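User: I'd like to learn how to read a protein model step by step. Could you walk me through one, giving the general idea and then the case at hand?

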Amino acid sequence: MISNTLLSLVLAASSLTAGVYGRTVPANVQAFYNQVKGGSCPHVLKSGLSKGSGTGNFAYCANAANTVMWIGGPSTLADMDVDCDGANRSGGKCANDPSGQSMTSFMDELPAFGIPDLDANIHSYVVLGTDNFDPKSFGIQSLSVVAVVCGTKMFYGVWGDTNGAKSVGESSLALATACFGTGMSGDNGHEETDVLYLAFPGSAAKIGSKANWKATSFTTFEASLATVGDALVAQLKL
């Protein structure tokens, strides 16, 4: 007879493979999503950005109270390109990444937690910032928790990398796979602009040693972010 623990692990693994693993979107987060998906951007932090191609009509937005930052566009949100930067950057479905880098932006902080760098195949991380906008100017701290609403699910990640250009909407391969299934790879992301990335300023979002940085699976690492993530999203409002 299979043990309850083993059964849970099997179910979690099979759900992730199918692209349907994830936590239910809390009611207040869903309400926020519904409010901003039409292009609401009470406080424009930086405009003139793009989703990698086309016109620069995307922006980093904040709510009226300046307690959360997200990516918005005209009557839309962000897409999800795939980032494979960091450790094991050519492993698995990162093997076909044409632009992978050998390090992520905050790798110097990670040896303190027992790893040399983030692994896009394991860690749920989000790419924020451009060559003309640093989220730190809004109080977002490196390796802080970011909530991501994709499809009908929500996941937690960390701000783990930055973009040298003016494009927005990118996450690690592991997070993209959890959101949209095994078709994601280093050269294939999610093009629809329906993804909500929620980043929170202040030290409360900086998870530090509370995260399981040495995790060997996406599900284990993502679950370790929940205590901090749940507290952050519980206070979310436009």
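User: Leaving aside its neighbours within four places in sequence, which residues is Ser 144 in contact with?

Analyst: Happy to start there, and please keep in mind that this is a predicted model. A contact here is a pair of residues with heavy atoms within 4.5 Å. Ser 144 touches Gly 157, Val 158 and Trp 159, and also Ala 205 and Lys 206, once its neighbours within four places are set aside. Ser 144 sits in the loop that runs between strand E6 (125-127) and E7.

User: Is Ser 144 buried or exposed?

Analyst: The cut-off for buried is under 20% relative accessible area. Ser 144 has 0% relative accessibility, so it counts as buried.

User: How does Thr 76 compare with that cut-off: buried or exposed?

Analyst: Thr 76 is at 9% relative accessibility and therefore counts as buried. You will find Thr 76 in the loop between strand E4 (69-72) and E5. Beyond the neighbours within four places in sequence, its contacts are Val 36, Lys 37, Gly 38, Gly 39, Phe 58 and Thr 193.

User: And what about Thr 182?

Analyst: Thr 182 is partly exposed, because its relative accessible area is 39%, and partly exposed is the range between buried, under 20%, and exposed, over 50%. Its place is the loop between helix H3 (173-180) and E10. Thr 182 also shows how sequence and space can be read side by side: Lys 93 is 89 residues away along the chain, yet the two C-alpha atoms are 8.9 Å apart.

User: Let's turn to strands. Which strands does E5 pair with, and in what sense?

Analyst: To read a pairing, look at the direction of the two strands and the number of bridges. E5 (residues 78-83) is joined to strand E10 (residues 190-199) by two bridges, and these two strands run antiparallel. One partner pair here is Ala 78 with Val 195 in E10. With strand E9 (residues 170-172), E5 pairs in the parallel sense over three bridges, and Val 82 faces Ser 171 of E9.

User: Which other strand pairs with E10?

Analyst: Strand E7 (residues 145-150) pairs with E10 in the antiparallel sense, over four bridges. In that pairing Val 146 stands opposite Ala 199.

User: Why is E5 described as largely enclosed?

Analyst: Five of its six residues are buried, so E5 is largely enclosed by the rest of the structure.

User: How should I read the largest pocket, and which residues are closest to its centre?

Analyst: Begin with the space, then move to the lining. The largest pocket holds about 410 Å³ of space. It is lined by 25 residues, and the closest to its centre are Asp 81, Val 82, Asp 97, Ser 99 and Glu 170. E5 supplies the largest share of the lining, three residues. Sorted by class, the lining has 13 polar, seven charged and five nonpolar residues.

User: Finally, what do the totals for the protein chain look like?

Analyst: The chain has five helices and 10 strands, and 50% of its 238 residues are buried. For contacts between residues at least 6 apart in sequence, 73% join residues at least 24 apart. The accessible surface is about 10000 Å², with 53% of it belonging to carbon and sulfur atoms.

Technical notes:
Residues numbered from 1 in each chain as written. Predicted model: local features only at pLDDT ≥ 70, side-chain atom pairs only at ≥ 80, totals over all residues. Heavy atoms only, no water. 1 Å grid on protein atoms, 1.4 Å probe; cavity = no way out; pocket = protein on both sides within 12 Å on 5 of 7 lines; lining within 4 Å. Points joined across faces, edges and corners; volume = space filled by probe spheres on them. Nonpolar A, V, L, I, M, F, W, Y, C, P; charged D, E, K, R; others polar. Buried < 20%, exposed > 50% of the residue type's maximum accessible area, 1.4 Å probe, protein only. Pairing = 2+ DSSP bridges. Areas by Shrake-Rupley, 256 points an atom, 1.4 Å probe, with all protein chains shown as cover.
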